[in-house]
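Below are my notes on this model, as numbered points. Please read them with the coordinates open.

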Amino acid sequence: MRFFLRFFPCVLALFLFHEMPAAGQAVLPATTEGDFVAKNFQFRSESLPELRLHYTTFGKAARNAQGRVTNAVLILHGTGGTGHQFLTPVFAGELFGPGQLLDASRYYIILPDGIGHGKSSKPSDGLHAHFPQYDYDDMVAAHHLLLTEGLGVNHLRLVMGTSMGCMHSFVWGETYPDFMDALMPLACLPVQIAGRNRVWRKMVMDAIRNDPGWKGGEYSAEPQQALRTALDLLLIAGSAPLYMQKTLATRDAADKYLDDYFKTRLEGLDANDLLYHVNASRNYDPSPQLEKITAPVTYINSADDFINPPELGIAESEIKKVKNGRFILLPITDETRGHGTHTRAAVWKQYLAELLEKSAH
C-alpha cells in the first residue's frame, strides 16, 4: 500500500488498496521516457520561457501512405496523478499485453504528465506561487504541442482520459475535432464544476490559502494543517463506500487505514502543487460546444462515484449533444471502486472494444 500510494498518487482518483497482479500476468515491453521542452509557451494569461513536458511511451508510431499516424493512443491522467499511474496491473495488465485491446506491440501508447504534475514543469520546481496559473485549456494545448512537435504525432487513434483526463478528453474533442478517431472519457461530467463538486474543491483550496504557514506560497516548510485538511477531503471524494465497508469492517481497521494513509500521503506532497492542481478546473465548461465533437465517444461513469453522482442526471442529458456519443453508467458491484473505477479496466474494457470496432476505418 505504501508503494502504491507513494508512486501512483492520483489525488482525486484515489486507489485505496494496492492489488497484486494475477498469476501469469503478461510481461509488457519496456517503456521509453523523455522530456519535451516548449519554448516561450503561451498560457491563457502569461508565458513561460521553457515548459517541460514529461512523457512515457510504449511502441512506435505507424504511418499510412499519406504520412498520417494510425496507431497512436493518448491516455490522460487525473488530478495529482502522472502517466505512470497507468502502468499498474489493473490497467496496463488488462489492456497493454499481447493480444489485448491496446496491445503495446501494435499501438503507440503515450502517457504524458500534465502541466503541474509528475516530472513536467510545476510550481514546486522553484517558481512557487509565481508559476503561471494554468487551466485545462492550457494543459490540452501543451499536450497537443508535445504530440505534434515533440513526438511527431499528427493523428490519434484514441484519446482516453480518467477524472481530470476525462475532462481533458472533452476539451480535446472540441478543440481538435479532426485529430482523433475516437474518445473515451472516464469519470467526469462535461459541464462547469459547480454544486458539491465545486464546494469541496474550494474547501481544499481555502484550507491551503488560509493556513498561516502557507505564506502566500513562499513557505519554507509545508503547511501541515492545510495538507491534512486537504487530504481529509480528497479521501472522502475518492472513496467507495461498499468496498471500504467490506475491507475496513471494524473500527480498528478503519482507524489504522486512516493513520497509514496520512503517514504515506503527506510525504512528498507540496501545497502549491496541490493548490494549482485543484484550481486548474476553475473555468472548465465544455457543455456549450459539445456539438463540435465529431469523433465517436464512449463516456463512462460509475454509480458509486462521489465526485460525479448519477442522481444529477447530467451525463445522460449532455451526451445527447454529442453526434456520435454514448454514455454508460456502471452499476455498483464488488468490482467498482467509486471514482477510482476508471482505472480498473476489467470493469469497462468491453465498452472500449466496442468503441474501437465502431471507429475502425
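1. Start with the hairpin. Strand 1 and strand 2 form it, with four residues between them. Strands here are DSSP runs of E of at least two residues, helices are runs of H or I of at least four, and both are numbered from the N terminus. The model is predicted: local features need pLDDT of at least 70, side-chain atom pairs count only at pLDDT 80 or more, and totals for chains, interfaces and linings use all residues. Residues are numbered from 1 along each chain as its sequence is written, and side-chain values use heavy atoms, with hydrogens and water left out.

2. The pairing around strand 2 can be followed residue by residue. Strand 1 (residues 32–42) runs antiparallel to strand 2 (residues 47–58) over ten bridges. Two strands count as paired if DSSP finds at least two bridges between them. Glycine 34 has tyrosine 55 in strand 2 as its bridge partner. Valine 37 stands opposite arginine 52 in strand 2. Strand 2 also pairs with strand 4 (residues 108–112), again in the antiparallel sense, over four bridges. There, threonine 57 stands opposite isoleucine 110 of strand 4. In a regular strand the side chains alternate between the two faces of the sheet.

3. Check asparagine 40. This residue lies in strand 1. Is asparagine 40 buried or exposed? Asparagine 40 counts as exposed because its relative accessibility is 57%; the cut-offs are over 50% for exposed, under 20% for buried and partly exposed in between, with a 1.4 Å probe and protein chains only.

4. Alanine 187 has a positive phi of about 75° although it is not a glycine. Its place is the loop between strand 6 (183–186) and helix 5. Alanine 187 has a relative accessible area of 6%, so it is buried.

5. Histidine 155 deserves a close look. This residue sits in the loop between helix 3 (136–150) and strand 5 (158–162). Histidine 155 is buried because its relative accessible area is 3%. Leaving out residues up to four places away in sequence, histidine 155 touches Arg68, Val69, Ala72, Asp178, Phe179, Met180 and Asp181. Contact here means heavy atoms within 4.5 Å.

6. What do the polar atoms of the histidine 155 side chain meet? One lies 3.1 Å from the backbone oxygen of phenylalanine 179. A polar contact of 2.8 Å also joins the side chains of histidine 155 and arginine 68. A polar contact is a pair of N or O atoms within 3.5 Å; within protein, one must be able to donate a hydrogen and the other to accept it, and residues adjacent in sequence count only if both atoms are side-chain atoms. As for leucine 186, 31 residues from histidine 155 along the chain, the two C-alpha atoms are separated by 21 Å.

7. Asparagine 279 lies in helix 9 (residues 271–279). With a relative accessibility of 10%, asparagine 279 counts as buried. Its side chain makes a polar contact of 3.3 Å with the side chain of glutamine 133. Beyond residues up to four places away in sequence, asparagine 279 touches Gln133, Met205 and Arg209.

8. On a 1 Å grid over the protein atoms alone, a cavity is a set of points where a 1.4 Å probe fits but cannot get out, a pocket is an open set with protein on both sides within 12 Å along at least five of seven lines, and lining residues have an atom within 4 Å of a point. The second largest cavity has a volume of about 60 Å³, a volume being the space filled by probe spheres set on the points, which are joined across faces, edges and corners. Among its lining residues are Leu189, Asn301, Pro309 and Phe327. Helix 10 (314–318) and strand 8 (325–330) are the elements that give two or more residues to this lining. Helix 10 gives the most, three residues. The lining divides into seven nonpolar, three polar and one charged; Ala, Val, Leu, Ile, Met, Phe, Trp, Tyr, Cys and Pro count as nonpolar, Asp, Glu, Lys and Arg as charged, and the others, Gly among them, as polar.

9. Last, the second largest pocket. Its volume is about 270 Å³. Of its 23 lining residues, Leu189, Ala194, Asn197, Ile307 and Leu312 lie nearest its centre. Helix 5 (residues 195–209) provides the largest share of the lining, five residues. The lining has 14 nonpolar, six polar and three charged residues.
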